[in-house]
Amino acid sequence: MADRRLERLIELDPRVELLSLGPAELKSSLESWLTKCGEPRYRVAQILEAVYRHGATGWASMTTLPTDLRAQLDTHYRFPSIAPHEERESADGTRKFLWKLVDDELVESVLIPTRRRDTVCISSQVGCPLACAFCATGVFGYRRNLTAGEIVDQARRLHVLRGRSDVGMNVVFMGMGEPLLNWKQVATALDILIDSRGLDLGARRITVSTVGVPEEIVALGERFPQVRLAVSLHAARDEVRDEIVPLNRRHPLCELTAACRVWARTTGKRLTFEYVHLPGVNDGEVDALALAELLKRVPAKVNLMRYNPVEGLGFRRPTEAETMAFREAVAELTRSSVTIRASRGLDIEGACGQLRLAREAGAVPAGMSGNAS
Ligand code: SF4
């Protein structure tokens, strides 16, 4: 399995990765380690402040600590190794970041600024094993799960890089990978992002997006009831969804909607169904009807997205009029809200997997973009 590669890398560097421990665990680990070294307790607060509030990326920058203590800390604790590799900025202000990991793998994050709020889209896996038919990330398959530290570090770095501490920040798990297939690391990452002793970003500001792993949808609702859920539905009929989201063959719509209902009951919230519009595939009258029927069973709103083509995958981008027509067809049949989500970053391979795919294969011309979960 590809994850063995990560395990081997971790064995080669067995130091504790700071951002792979929840805030309470990290505090207690630092307390006991610093006490053994005869250091005063306030050092713990200094370190936590630097890690969580100031986005420190190495011991060298923590000049509030004595030099010899930093050297000692470095023998026992390490920072997650994500290094900036490439950055692109779209004409619409969207910024895309490609990070290089300790094993030279590449992952992406996207920063989408608006007047009132920034949204940061982060990855949870290198590649993805689910191979959705329209997705750029699915093209290069699965490499490995990200550690909690590698997940958090994307949000932590962009939190600092965006340079607008007066403006709130949303975090969405809509980058590369299926977060609920990496549940253990994602759950630790959520702890760090949410905990008031950690990044303290506010659970309501965080959305986990999944193509539908029923057991973990329920677990997400139980453990993080304030975190929002987006389900990449993309089709409301099994025969269509089986083709474009192969996970549906393992977890068909009846299982997925049952889990969504449990999530909604547990959290008292409506979820969002993401629906990428693939003309001629999931936009017939019968699809509109099936979606409206599904919305009777699950308290949800629908976000329609116009597909951004990925070369070689065989789907085209719908016209605005086509997407509008499908929206009208669904809206006529349901009381649930059905909106069309604006595309951002089209000129910089702004959707999941596109930039990495372009880098790896040289296959995606600038100006084209794809979709993911
Ligand atoms: S759409 Fe999401 S779940 Fe599907 S292959 Fe792409 S990254 Fe994976």
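In α13 of this predicted model, the buried residues are T323, F326 and V330. Why do they end up on the same side of α13? The answer lies in the arc they cover around the axis, which is only 60° and so puts them on the same side of the helix. Buried here stands for under 20% relative accessible area, while exposed stands for over 50%. Turn to the face of α13 that looks away from this buried side, and the exposed residues E320 and A321 come into view.

As for the helix itself, α13 takes in residues 320-331, twelve in number. From its first C-alpha to its last it reaches 16 Å, close to the 16 Å expected at 1.5 Å a residue.

Next come the open spaces. Rolling a probe the size of a water molecule over the atoms shows where empty space is left. The second largest pocket holds about 310 Å³ of space. Its lining is made up of 15 residues, and those nearest the centre of the pocket are I10, S20, T147, K184 and Q185. Two elements, α1 (3-12) and α7 (183-194), each give two or more residues to this lining. Which of the elements supplies the largest share of the lining? That is α1, with four residues.

Methods:
Residues are numbered from 1 along each chain as its sequence is written. This is a predicted model: local features need pLDDT of at least 70, side-chain atom pairs count only at pLDDT 80 or more; totals for chains, interfaces and linings use all residues. Side-chain values use heavy atoms; hydrogens and water are left out. The expected span of a helix is 1.5 Å times one less than its number of residues. Buried means under 20% relative accessible area, exposed over 50%, partly exposed in between (1.4 Å probe, protein chains only). The arc is that of the directions from the helix axis to the C-beta atoms. On a 1 Å grid over the protein atoms alone, a cavity is a set of points where a 1.4 Å probe fits but cannot get out, and a pocket is an open set with protein on both sides within 12 Å along at least five of seven lines; lining residues have an atom within 4 Å of a point. Grid points are joined across faces, edges and corners, and a volume is the space filled by probe spheres set on the points.
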